[in-house]
Amino acid sequence: MKHCIILLTGVLLASCAGQVKGPCDIYEKYGTECVAAHSTTRKLYSKYDGPLYQVVRDSDGKTLDIGTIDGGYADAAAQDAFLEGTIGYISIIYDQTGHGNDLIQASPGTFKGPR
């Protein structure tokens, strides 16, 4: 008999026989596809092995893709080391579905504010 545990604490998790699965794994199991899956916190598919997002360092404009550590959570230590002594921003949040629906930072608008 297979025992599964599902927790809802802001993030949906399912653990079946010790294997952590993401929300998109759960949807897929029941025939619903994630058409876009974005997270700066963790993997949404257990099989996803790419970076979660890209950080740009303000001091020199260099970029770093932030991947995951064991357990599927974002590698915060890599981001902290990359941004040490400066600030940065997220320029891309990668789509974990493989559909290429990455979220990129939009160009500034032309609205200058109220006159």
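**Cross-links in a predicted model**

Modeller: Glu-28 is partly exposed, at 41% relative accessible area. Keep in mind that this is a predicted model.

Colleague: Which residue does Glu-28 form a salt bridge with?

Modeller: With Lys-47; the closest N and O atoms are 3.4 Å apart. The pair links distant parts of the chain, with Glu-28 in helix α1 and Lys-47 in the loop between α1 and β4, 19 residues apart.

Colleague: And Lys-47, buried or exposed?

Modeller: Lys-47 is exposed, since its relative accessible area is 55% and the cut-off for exposed is over 50%.

Colleague: How many salt bridges does the structure hold?

Modeller: There are 2. Besides Glu-28 with Lys-47, Asp-60 pairs with Arg-57, and there the closest N and O atoms are 3.0 Å apart.

Colleague: What is the relative accessible area of Arg-57?

Modeller: 17%, so Arg-57 counts as buried; the limit is under 20%.

Colleague: Switching to cysteines. How many disulfides?

Modeller: The count is 1 disulfide. Cys-24 is joined to Cys-34, with an S to S distance of 2.2 Å.

Colleague: What parts does the pair tie together?

Modeller: Cys-24 sits in helix α1 (residues 23-29) and Cys-34 in the loop between α1 and β4 (53-57), so the link ties parts 10 residues apart in sequence.

Colleague: Left-handed or right-handed?

Modeller: Left-handed, with -100 degrees about the S-S bond.

Colleague: Are those two cysteines buried or exposed?

Modeller: Cys-24 is buried at 4% relative accessibility, and Cys-34 is buried too, with a relative accessible area of 7%.

Notes. Residues numbered from 1 in each chain as written. Predicted model: local features only at pLDDT ≥ 70, side-chain atom pairs only at ≥ 80, totals over all residues. Heavy atoms only, no water. Disulfide = S-S within 2.5 Å. Helix = DSSP H or I, 4+ residues; strand = E, 2+ residues; numbered from the N terminus. Buried < 20%, exposed > 50% of the residue type's maximum accessible area, 1.4 Å probe, protein only. Salt bridge = Lys/Arg side-chain N within 4 Å of Asp/Glu carboxyl O.
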